[in-house]
Amino acid sequence: MKPYKFQPYLKTTLWGGYQIAPFKGIFNAQPNVGESWEISGVPGHESVAVNRGLVDDVDEGLTLVQLIDKYKGLLMGQKIYKKFGNQFPLLVKFIDSRQDLSVQVHPDDRLAQERHGCAGKTEMWYIIKSDVGAKIYAGLSRSITPDDYERLATAEPHDGRSPMQDVIATHEAHEGDLFFLPAGRLHAIGAGNFLAEIQQTSDITYRVYDFGRKDAHGNPRELHIEQAKDAIDYRVWPAYRTSYDSTKPNSQLIHCPYFAVNRIVVQVAQQIDFHCDSFVIVVCLWGEANINGIAIRQGETILVPACENVLYIFGNATFLTAIVP
């Protein structure tokens, strides 16, 4: 089973920019593309397999869900398929923020299951590039209570600034920065960031503040202040930016119950064995290479089946890899 490529789903947003198509090396006439969903099993937005350069590719045109149903544990990994069935557990995106995104929070698994009958949302951001002065907002800068939060979130903005912005920790963004965002952590992507996002398959978001923006019909975008109150982690953590050793050719970035992510730099050739029964997602951040017989270049993402998840890489490129531990 060769790795799979998928048609990206490009999503126009109020805050989107123009960098995704050039980064991926594709033509696109859509305005304000804020997201490219690279691999998705989200109902209604399931990724569709495209030609991988194989002759008579019988899987071309199948959705990710159809591929899982066809190959089951061979594609997903036996333990993962037993747990998730035909639902793909991760969602991978590129995000281009021309404007600040809304301040938001995601529920954990317990709360999401209780309210929405689905998984919660833990995610991570890897900054591919950022403008000078670009910011990432993640976590709390000082301790607040749920009542403090409600008061701040419902207070009138002063000079266009919400009091909520004064309690959210602000970080300078730089290329290669890493932010882990467990469910419950308040966060927002600041204007001028281009990043890769790996997350649980869940689209449940509670929007707390949106800078007074209006939707395409001129209406204020919906806020979820009350729903977010029970979802927020009110603790102040000593650090919100995740450190890793960027000098290593294979650096572990994140290891949590939902995903394990590494940054891999290949020069000429490398073999990587994950020693696990899981599919492998490979996101190419720079360069080009051949992985298990499939060509991949900057801006492309492939899915390596669990039954063939030892990577034989030839080329010069930088990747993110993700598995389910």
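Two strands pair if DSSP finds at least two bridges between them. Helices (H or I, at least four residues) and strands (E, at least two) are DSSP runs, numbered from the N terminus. The structure is a predicted model; local features need pLDDT of at least 70, side-chain atom pairs count only at pLDDT 80 or more, and totals for chains, interfaces and linings use all residues. Residues are numbered from 1 along each chain as its sequence is written, and side-chain values use heavy atoms, with hydrogens and water left out.

Strand β15 (residues 260-273) is joined to strand β19 (residues 310-323) by 14 bridges, and the two run antiparallel. Here V265 stands opposite T318 in β19. Strand β14 (residues 250-255) is also antiparallel to β15, with 5 bridges between them. S251 faces R263 in β15 as its opposite residue. The β14 and β15 strands form a hairpin, with 4 residues between them.

V208 lies in strand β13 (residues 206-209). V208 is buried, at 1% relative accessible area (buried means under 20%, exposed over 50%, partly exposed in between; 1.4 Å probe, protein chains only). Its contacts (heavy atoms within 4.5 Å) include V103, Y149, M164, L186 and I225, not counting residues up to four places away in sequence. V208 and A322 are 114 residues apart in sequence and 30 Å apart in space, C-alpha to C-alpha.

On a 1 Å grid over the protein atoms alone, a cavity is a set of points where a 1.4 Å probe fits but cannot get out; a pocket is an open set with protein on both sides within 12 Å along at least five of seven lines; lining residues have an atom within 4 Å of a point. Grid points are joined across faces, edges and corners, and a volume is the space filled by probe spheres set on the points.

The largest pocket has a volume of about 410 Å³. Of its 22 lining residues, K11, W15, E35, Q104 and T205 are the closest to its centre. Strand β2 (9-17) gives the most to this lining, with 4 residues. The second largest pocket holds about 300 Å³. It is lined by 17 residues, with K83, F84, P89, Q200 and Y258 nearest its centre. Helix α4 (residues 78-84) gives the most to that lining, with 4 residues.

The count comes to 1 cavity of 30 Å³ or more. The largest cavity has a volume of about 40 Å³. Residues lining the largest cavity include L140, R185, L186, D233 and W237.
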